[in-house]
Amino acid sequence: MSRIVKVEDLHRTYILGKVEVPALRGLSFEVTKGEFVSITGPSGCGKSTLMHLIGCLDHPDSGTVYLDDINVSKLNDNQLAEIRNKKIGFVFQTFNLLPRLSAIENVELPLIYGFFTPRQMKEKSMAVLEKVGLAHRAEHRPPEMSGGERQRVAIARALVVEPSIILADEPTGNLDSKSSEEIMAIFQGLNNEGATIIMVTHEHDIANCTKRNINLKDGQVLADQPVKQVCLPADRS
Amino acid sequence: MTFWEAITMAWKDIMRAKMRSFLTMLGVIIGIFSVISLVTLGEGMKGFMYEQIDKFGTGPTYMEVHGGKEGQLAAMATVKMTLSDAKAIEDRCPSLELVDPRNIQSGKITYLDKSYTSPFISGCSPALMEMMNWGVSQGRFLSDVDVLGRKKVVVLGQDLARKLFGGFPAIGEKVRINGSKFLVIGLFKKKGSIMGVNMDEYVAIPVTAAEDVFDTDKLAEIGAVARSIELVPQAVAEIKTVMAERHGKEDIRVDTMENSMAIMDTIMSALTAIVTGIAAISLLVGGIGIMNIMLVAVNERVREIGVRKAIGAKKRDILVQFLTESVIISLLGGVIGISSGVGLASFIMVIIGMPLVVSFWAILLATFVATFVGVVSGVYPAMRAAALDPVEALRYE
Ligand SMILES: Nc1ncnc2c1ncn2[C@@H]1O[C@H](COP(=O)(O)OP(=O)(O)O)[C@@H](O)[C@H]1O
Ligand SMILES: [Mg+2]
């Protein structure tokens with residue numbers, strides 16, 4: 001099986017004025033293709049920081065991140081932007097859609113920074129919107145949508161570039177339980193089709209929907225074990 | 001991101017807050033508007049002046065001697081020039097080809113029961129005809145014999161002849177000017193109006209006869225034509241020498257065609273300088289306004305910038321996005337300024353009946369300036385946006 005992510009002895013310390021806040025303190029693991037990994041741990045243990053490092057949004061103080069066997073620590077800003085654009089699909093807790101753009105325009109956004117014709121952009125975006133069951137709301141803007149729908153648009157935006165890995169930071173953190181289940185069903189469906197997913201959560205129910213759990217504490221791996229996956233009915237009415 | 005995508009994106013953002021965008025443009029609009037409207041008006045005015053001089057028929061070797069100092073109105077001059085002054089100029093200025101003494105007064109001209117008050121009854125010499133390139137359509141113009149003999153003969157403009165005689169032949173009829181009988185010997189060709197004066201109401205009589213009916217030998221002006229353009233300055237000097245000798249001091253001035261055009265140019269460039277100054281200040285203020293609004297826009301969209309970077313926007317993409325927006329705002333202001341400036345100038349030109357000359361270079365320059373203002377005022381905000389750290393930007397509330 002091919003390796004998608006490898007992190008090695010990651011360290012990241014924030015400096016707040018004169019106080020040093022160590023967020024990650026020597027953290028290593030690997031993720032192979034097709035895995036569905038949940039990352040859990042108490043608030044402030046460094047989960048988001050880790051996601052930012054894997055997602056090439058931030059540089060570690062020391063240690064290495066490999067993505068598709070590329071050492072991303074060695075890349076410059078433009079190359080990192082390119083990696084984010086081609087290999088990574090981000091899903092955020094707060095959706096982070098642009099409110100004045102329609103659903104389909106939001107989904108097209110990553111493609112604008114690549115090389116696609118308007119027609120290709122439309123087709124690709126429509127296909128992923130269909131995948132998350134929102135083709136009929138393509139022209140609606142985020143403020144006209146429910147939280148669950150917004151998160152599905154965000155997932156479509158992550159999928160549209162056909163990324164190597166999907167990074168989701170508490171994607172259900174702002175959703176009610178029914179919407180959460182819908183979102184998790186979508187992730188499970190994607191994983192069954194072969195997508196590699198790393199998902200941060202602090203809810204056990206959510207972690208139980210994945211196949212592997214990495215538990216963090218104080219910026220270090222406390223436990224890394226397989227999960228007996230609870231399968232959700234993939235019904236999207 | 002293609003150029004076109006950047007433009008559509010910026011356009012959407014500008015249109016989202018129309019009022020704010022418009023107010024932001026206002027400085028640029030006012031600056032460009034004032035320059036364009038003045039330049040267009042000035043060009044039109046110049047074109048009008050040239051057209052009028054052309055119509056006058058005299059060409060660049062023509063000049064007029066008036067009593068009084070430079071810049072003084074001819075009508076207010078108290079200096080008295082007479083026929084003998086004109087004679088002296090004619091005899092003693094070798095650079096001159098033609099000299100025409102003019103004793104001009106307003107007066108009443110009557111035929112049977114019809115009477116008309118003409119503002120220009122001009123006592124003049126045969127030289128006038130050649131000097132002005134005018135012509136007679138019927139009969140003949142004044143001759144040297146008419147002048148020497150103080151003959152009471154008159155040449156009438158077309159419109160005046162029609163007013164007095166209707167369709168009937170005028171030549172051979174007698175009209176009364178200020179009570180004295182004058183024989184109509186010719187009619188001028190149609191000339192139209194020049195500077196708002198209807199030249200077809202012109203009345204020409206021998207300058208000697210004018211002395212008799214107006215009861216004064218004071219000339220209003222002396223027209224003269226130099227032998228060539230090169231001789232104009234010399235002719236002016238000769239006239240001044242002769243007159244200074246005769247009057248004991250320099251109490252006359254010589255207005256040349258070149259002079260009038262130069263005065264016009266001076267006035268125009270002074271006006272242009274003032275308006276350009278105002279426009280420059282307006283553009284500066286406009287540029288600062290755009291910079292300010294762009295900084296606000298960057299602050300409002302920190303989160304958006306974070307999202308765009310997270311999904312793959314490079315620094316350059318963010319820079320281009322904000323720079324495009326500021327350039328479009330400024331350029332749009334420029335376009336509005338140019339079109340309203342040209343619009344106002346055309347409106348004025350049409351109303352006062354002057355030719356419309358739209359300067360291509362002024363428009364090109366204005367477009368360039370607007371773009372420049374957009375770039376200069378957008379660079380700093382756009383660089384700030386591009387430099388934002390994506391993680392920080394995503395955490396921004
Ligand atoms: N930009 C930052 N500046 C300073 N401290 C930060 C910053 N981001 C995170 N931290 C601190 O680092 C630690 C880990 O944060 P984070 O990775 O967001 O944790 P989690 O997502 O697990 O809640 C926390 O103590 C947090 O306060
Ligand atoms: Mg977090």
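Predicted model: local features only at pLDDT ≥ 70, side-chain atom pairs only at ≥ 80, totals over all residues.
Trainee: What is the handedness of the crossing of α9(B) and α12(B)?

Mentor: The crossing of these two helices is right-handed.

Trainee: Which residues make the contact?

Mentor: From α9(B) come B:Leu283, B:Gly287, B:Ile290, B:Met291, B:Met294, B:Leu295, B:Val298 and B:Asn299. From α12(B) come B:Val369, B:Val373, B:Val376, B:Ser377, B:Tyr380, B:Pro381, B:Arg384 and B:Ala385.

Trainee: How do the residues of the contact of α9(B) with α12(B) divide?

Mentor: They comprise 12 nonpolar, 3 polar and 1 charged. B:Arg384 is in the contact, and Arg counts as charged.

Trainee: In chain A, what makes α5(A) roughly parallel to α6(A)?

Mentor: The axes of α5 (residues 147-159) and α6 (residues 177-192) of chain A come within 9 Å and cross at roughly 20°. The cut-off is under 35 degrees, so α5(A) is roughly parallel to α6(A). Their crossing is right-handed.

Trainee: Which residues of α5(A) and α6(A) make the contact?

Mentor: α5(A) supplies A:Gly148, A:Gln151, A:Arg152, A:Ile155 and A:Leu159. α6(A) supplies A:Ser179, A:Glu182, A:Ile183, A:Ile186, A:Phe187 and A:Leu190. The contact residues divide into 6 nonpolar, 3 polar and 2 charged.

Methods. Residues numbered from 1 in each chain as written. Chains lettered and ligands numbered in written order. Heavy atoms only, no water. Left-handed = near helix turned anticlockwise from the far one by under 90°. Helix = DSSP H or I, 4+ residues; strand = E, 2+ residues; numbered from the N terminus. Contact = heavy atoms within 4.5 Å. Axes fitted to C-alpha atoms, helices over the stretch in contact; angles between N-to-C directions. Parallel < 35°, antiparallel > 145°, perpendicular 65-115°, else oblique.
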